[in-house]
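I open my notebook here and write down, entry by entry, what I looked up. The sequence and the structure come first, and my notes follow.

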Protein chains: 2
Amino acid sequence: MAIMVDEAFAWSLLEAAREQAEKSWSEGGIPIGAALADSTGHIVARGHNLRVQTDDPTAHAEMVCIRNAGRRRDWDRLVMATTLSPCAMCSGTTCLLGIGHVVIGENRTFSGAEHWLAEHDIETTILDDPACVALMERMQREKPDLWMEDIGQ
Amino acid sequence: MAIMVDEAFAWSLLEAAREQAEKSWSEGGIPIGAALADSTGHIVARGHNLRVQTDDPTAHAEMVCIRNAGRRRDWDRLVMATTLSPCAMCSGTTCLLGIGHVVIGENRTFSGAEHWLAEHDIETTILDDPACVALMERMQREKPDLWMEDIGQ
């Protein structure tokens, strides 16, 4: 079941994800964040990349956000915002759970596995947010090696 | 870079994965296990499903095994064995990291996203192990709801 979201909803949820990304950067971590909300806009979980903070190679923002949401059966009625195009791991997880809609901050600095979301009929909204692009450009400039590790290269 | 493994290597690593699956079942958890080894057969990490044990929806066996392996850059020189065909999340993660080879205990009781592994030129060996099939059939018979939750249904 796909969920449709309007632009105001998408930007509002992305803002919560961006706050998570800024929090991670302020901790010395990778500046990618995510947030999950129900269809009323109520945020049920937040998360940011924790690879640096916890040495966990699976701790991408979306994964941490989903972990924080815990065990539930309403994934298809939730919307996830992420500051960056979801990688193969995070896209695969989104497909497994059948999350209802994914709001993507930007996919200029990195293009993940969005085609897998399409394969699974998961709707996406790409906001092409300059603030999200700036987060990634700063990291790729200041910590290129960390970024290569994060995407398995 | 794809790694080739011989049959003895594959069965030996699968045995370590199956021990993990049995351990999880004995704890009341989902009986799926995984193990990661280098090309000499040295096991660098083990893991089993922890959804029941820790309420973490991302804690599939392969994910826990990869978490236990920590931050490293030699994924393409590692072989992962898993007792069951890897789902979309675990296949996506395997693609992201570029793990060198995946040994699959069985894909009769559940068929995951093996086509994504092929898309990423990741070699697989499917052992069609009756002991792995028996693990899953027992769980699907005794705890069907838990199984449906685990695969996002």
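Entry one, on burial. Before I read any value I note the cut-off, which is that a residue is called buried when its relative accessible area is under 20%. I looked up Q20(A) and found a relative accessibility of 12%, so Q20(A) counts as buried. This residue sits in helix α1 of chain A, which covers residues 7-26. Leaving aside residues up to four places away in sequence, I find that Q20(A) touches G33(A), A34(A), R46(A), G47(A) and H48(A).

Entry two, on confidence. I remind myself that this is a predicted model, with an ipTM of 0.95 and a pTM of 0.96. For chain A the average pLDDT is 95, and 99% of the residues score at least 70.

I went through helix α4 of chain A, residues 88-97, and found ten of its ten residues buried. Among them I list M89(A), C90(A), T93(A) and L96(A). Just after this helix, G98(A) takes a positive phi of about 70 degrees.

I asked myself how many residues of chain B are in contact with chain A. There are 34 residues of chain B in contact with 34 residues of chain A. The area buried between the two chains is about 2700 Å², and carbon and sulfur atoms give 59% of it. On the side of chain B, R71(B), R73(B) and L96(B) lose the most area to chain A, and together they account for 29% of what that side buries.

I then looked for pairs across this interface, where the rule finds seven residue pairs in polar contact. The elements of chain B that give two or more residues to the side touching chain A are α2 (51-54), α3 (61-69), α4 (88-97), α5 (114-119) and α7 (144-150). The largest share, seven residues, comes from α4(B). Sorted by class, that side of chain B has 15 nonpolar, nine polar and ten charged residues.

Over all chains the search finds 24 salt bridges, and the rule finds eight across the interface of chain B and chain A.

Which residue of chain B forms a salt bridge with R67(A)? The partner is D56(B), with the closest N and O atoms 3.8 Å apart. This pair crosses from helix α3 of chain A to the loop between α2 and α3 of chain B. D56(B) has a relative accessible area of 8%, so I record it as buried.

I also looked up R71(A), whose side chain meets that of E149(B) in a salt bridge of 2.8 Å, N to O. R71(A) lies in the loop between α3 and β3 of chain A and E149(B) in helix α7 of chain B, so the pair joins two chains. R71(A) is partly exposed at 32%, whereas E149(B) is buried at 9%. The side chain of R71(A) also meets D55(B) in a salt bridge, at 3.4 Å. In a separate search I found R51(A), D55(A), E149(A) and R71(B) linked in a network of salt bridges.

I found D74(B) in the loop between α3 and β3 of chain B, and its relative accessible area of 17% makes it buried. Its side chain makes a polar contact with the side chain of R72(B) at 2.7 Å.

How values were computed: Residues numbered from 1 in each chain as written. Chains lettered and ligands numbered in written order. Predicted model: local features only at pLDDT ≥ 70, side-chain atom pairs only at ≥ 80, totals over all residues. Heavy atoms only, no water. Contact = heavy atoms within 4.5 Å. Buried area = accessible area lost by both parts, 1.4 Å probe. Salt bridge = Lys/Arg side-chain N within 4 Å of Asp/Glu carboxyl O. Polar contact = N/O pair within 3.5 Å; in protein donor to acceptor, adjacent residues only side chain to side chain. Helix = DSSP H or I, 4+ residues; strand = E, 2+ residues; numbered from the N terminus. Nonpolar A, V, L, I, M, F, W, Y, C, P; charged D, E, K, R; others polar. pLDDT = per-residue confidence, 0-100. Buried < 20%, exposed > 50% of the residue type's maximum accessible area, 1.4 Å probe, protein only.
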